[in-house]
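Subject: Structure for your files

Hello,

Here is the structure I said I would pass on. My notes on what turned up in it follow below.

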Amino acid sequence: MKKKVSKAIFPVAGMGTRFLPATKSVPKEIMTLVDRPLVQYAIDEARAAGIKEFIFITSRGKGALEDYFDHAPQLEQELKKKGKDELLEILKSTNMESGEIAYTRQHKALGLGHAVWCARRLIGDEPFAVMLPDDVIAAEKPCLQQMVEAYAETGGNMVAAMEVPQEKTSAYGILDADRGADPLVKVKGMVEKPDADKAPSNLAVIGRYILTPQVLKNLNKMKSGAGGEVQLTDAIAQEIDGEGVHGLCFEGERFDCGSKSGFLQATVAFGLSRPDLRDDLRAFLHEVVAQDKAAG
């Protein structure tokens, strides 16, 4: 019987240099997309998939991230006193109960594989998810929930996959897999950031994984891969002939919020999805487009 996926690792140790100067004092993960921090989108997605234990891989300067998940009794009392019940419920939804969340530090920036390996003692002998908050996915059914449901059938290891333009394959881990009508593909190989002309397909791995404990054992070897870093992709690839690896071509739209342009696109998309913001934002965008055409 397959064990349920109840733990998730969130690697958030990066310095967020692409968002300087904001990230000089504010962790990138709590920068707001409309009115919610990036990390809250990942947490909500994880909860929808049945995750009960949340493990954050942090680094120096991430104290504000830890504070975000703590209770704020004074603020809660003030909202309650003023009868702002809706805001109070929103605030309470960000709280994490004692024992539900854990933090461990990555002392050296040695890559995603190393960051995941830092949580090995907290994972033990259970399957686990890995979620990268930079990848925000708008979907009717949350991406990780889609993966958990597929994992119940396949077991083994699973990565979220999406098609990317061939010229952009060098920015991703790429699957050697044949894309058919089925959203689930059997992985024959994985390559981290291949040259565009050498990529085995245009199916890219994005920031959602369900992995077996064996991947952590593979990471024990600390082999350097692309960019001189310990690559998670390499450790997963070792399981293709073992417990197996599948890619799930999920339903939804992914936004790369690790880039400024992706963050802006996500802000517009999520703003337009909100009934309380849609009309004003749409009118503004029409005005901007009209002015751009007139100037061009």
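The side chains of D276 and R274 form a salt bridge, with an N to O distance of 3.0 Å. Bear in mind that this is a predicted model. D276 is exposed, at 53% relative accessible area, while R274 is partly exposed, at 24%. Through salt bridges with shared partners, D35, R274 and D276 belong to one network.

Across the whole structure, the search gives 11 salt bridges. One of them pairs the side chains of K28 and D134, at 2.8 Å from N to O. This pair connects distant parts of the chain, 106 residues apart: K28 sits in the loop between β1 (7-11) and β2 (32-33), and D134 in the loop between β6 (128-131) and β7 (135-138). K28 counts as buried because its relative accessible area is 11%, below the 20% cut-off.

D135 and R254 also meet through their side chains in a salt bridge, again with N to O at 2.8 Å. Here too the link is between distant parts of the chain, with D135 in strand β7 and R254 in strand β14 (residues 253-256), 119 residues apart. Both D135 and R254 are buried.

On the helix: α1 spans residues 38-48 and is mostly covered, with eight of its 11 residues buried. The buried residues of α1 are L38, V39, Q40, Y41, A42, I43, E45 and A46. Just after α1 comes G50, which has a positive phi of about 95 degrees.

Regards

Methods: Residues numbered from 1 in each chain as written. Predicted model: local features only at pLDDT ≥ 70, side-chain atom pairs only at ≥ 80, totals over all residues. Heavy atoms only, no water. Buried < 20%, exposed > 50% of the residue type's maximum accessible area, 1.4 Å probe, protein only. Helix = DSSP H or I, 4+ residues; strand = E, 2+ residues; numbered from the N terminus. Salt bridge = Lys/Arg side-chain N within 4 Å of Asp/Glu carboxyl O.
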